[in-house]
Amino acid sequence: MSSPVSDLGSRPDATRLPSPGATATRIAITVVFVVHGLLFASWTAHIPHVKQSLGLNDGTLGLALVGAPVGSIAAMCLAAMLLPRFGSRRIIQVALCGYCAAGPLVGISGSLPALFGALVLWGVFQGTLDVAMNTQAIAIERRSGRPLMSGLHGGWSIGAFTGAGIGALAVGGGLALTPQLLVLGSVALLVAGLLSTRLLPDHRNGSVTETPTAETESGNSRSRWSLGMLALATIAFATMLCEGTAANWASVYLSGSLGATGAVPGLGYVGFALAMVTVRLAGNRLLGRFRPDRLLPVLALVATIGFTTALLLDTPLAAIVGFGCLGLGLASVVPAVFSAAGRLPGLHPGTAVATVSAFGWAGFVIGPPVIGHVAALTSLPTALGLLPVLTGFVALGAWLAPGLKGRRTP
């Protein structure tokens with residue numbers, strides 16, 4: 001039995017949802033993206049308090065914080081197996097419940113092992129929801145016949161900004177992490193949970209209980225590690241390595257190497273994040289007008305030239321502009337790569353997205369310590385010189401990757 005998703009390209013009458021249904025579905029998936037970013041970002045302002053209350057030092061805190069990405073990467077591997085069987089709508093609903101329920105456990109952790117375990121559990125639901133919502137987004141793109149992924153990732157960024165602001169206000173007002181996440185999680189579950197009923201069913205098989213054939217299973221095995229998949233996964237790895245480095249080292253570079261003081265060091269990552277949000281919100285229109293293999297290399301070259309120039313000028317203002325160029329150049333890469341992965345033939349979109357996501361998260365986790373080790377051996381500006389090399393690779397990879405060629409819309 002063929003897939004409702006895979007048949008969309010061959011059935012003209014199924015290429016578009018009726019307008020009211022399409023609007024409700026897009027609103028539902030947008031809210032899920034916003035909730036995903038909002039909840040996790042809302043706890044970041046509480047990290048210093050958690051560190052102090054548990055008596056952790058920088059090293060033990062860093063060990064605890066690895067729990068969330070470890071849980072996310074493990075969950076992505078599991079989601080690759082579950083999504084073809086159960087579909088992204090059902091996985092979103094289950095993961096959303098776990099994501100909202102597991103968060104408050106972080107606030108009541110009384111020791112380093114408990115904090116690590118709570119973050120691993122939270123990361124499991126975070127990673128599962130991440131893969132499922134991107135898989136659902138691919139299904140909606142196919143039904144609507146228009147690019148949506150970049151705008152949805154822009155919604156995630158807006159949710160993260162909002163969550164970080166809420167967390168900062170809560171800390172300033174003396175509200176602890178657990179009650180904050182209980183309130184936010186309850187509201188998020190009520191709103192997103194109700195809207196999730198409007199999401200699309202996207203089972204690979206006509207019935208979730210139908211067993212895949214041996215031919216399908218072998219095709220999936222070959223496709224998952226095909227040249228096209230590895231190209232997309234490597235691009236995601238390089239992109240998110242740069243994102244993780246910007247998040248962790250921008251302020252350190254400005255305050256340490258460049259001697260910036262006051263609020264200026266924080267502006268490096270602010271410039272990066274604002275540029276990324278702006279481009280992602282415009283990304284649907286850009287990717288609808290320009291082919292990904294034309295648009296992404298140009299943007300990545302802007303990041304390469306801009307950040308290289310900033311390192312050479314070696315001033316705080318240049319660094320802030322350079323991080324802005326980095327965000328501008330990388331903003332649309334991951335959304336476009338996810339969409340391209342979902343179009344790979346012979347492979348369920350959930351399996352493809354899970355593979356690309358796992359590679360991307362690995363880059364996000366590996367990047368900051370790699371930069372730190374290189375900086376210890378040389379200097380931080382020299383270590384940050386790896387970023388324009390990676391963005392240059394992203395430009396070349398996006399130009400050559402088969403999955404990104406020749407399509408303006410899904």
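The crossing of H12 and H13 is left-handed (the near helix is turned anticlockwise from the far one by less than a right angle; clockwise would be right-handed). The model is predicted: local features need pLDDT of at least 70, side-chain atom pairs count only at pLDDT 80 or more, and totals for chains, interfaces and linings use all residues. Residues are numbered from 1 along each chain as its sequence is written, and side-chain values use heavy atoms, with hydrogens and water left out.

**Exercise 1.** Classify the packing of H12 and H13 by angle.

*Solution.* 
- Take the axes of H12 and helix H13 (residues 316–330): they come within 7 Å and cross at roughly 165°. Axes are lines fitted to C-alpha atoms, for helices over the stretch in contact, with angles from 0 to 180 degrees between N-to-C directions. Helices are DSSP runs (H or I, at least four residues), numbered from the N terminus.
- H12 and H13 are therefore roughly antiparallel (over 145 degrees; under 35 is roughly parallel, 65 to 115 roughly perpendicular, the rest oblique).
- List the contact (heavy atoms within 4.5 Å).
- Sort by class: 13 nonpolar, three polar and no charged residues. Ala, Val, Leu, Ile, Met, Phe, Trp, Tyr, Cys and Pro count as nonpolar, Asp, Glu, Lys and Arg as charged, and the others, Gly among them, as polar.

**Exercise 2.** Describe how H12 packs with H17.

*Solution.* 
- H12 spans residues 292–313 and H17 residues 386–400; their axes come within 8 Å and cross at roughly 165°.
- This pair is therefore roughly antiparallel.
- H12 passes H17 in a left-handed crossing.
- Contact residues include Asp293, Leu296 and Thr304 of H12, and Leu387, Val394 and Trp399 of H17.
- The classes are 12 nonpolar, four polar and one charged.

**Exercise 3.** Find the angle class of H6 and H14.

*Solution.* 
- Helix H6 (residues 112–144) and helix H14 (residues 333–342) pack at about 70°, with axes 10 Å apart.
- That makes H6 roughly perpendicular to H14.
- Asn134, Ile138, Glu141 and Arg142 in H6 meet Phe338, Ser339 and Gly342 in H14.
- By class, this contact has two nonpolar, three polar and two charged residues.

**Exercise 4.** Characterise the lining of the largest pocket.

*Solution.* 
- Helix H10 (residues 227–257) gives the largest share of the lining, eight residues.
- The lining divides into 33 nonpolar, 12 polar and four charged residues.

Note on methods: Helix = DSSP H or I, 4+ residues; strand = E, 2+ residues; numbered from the N terminus.
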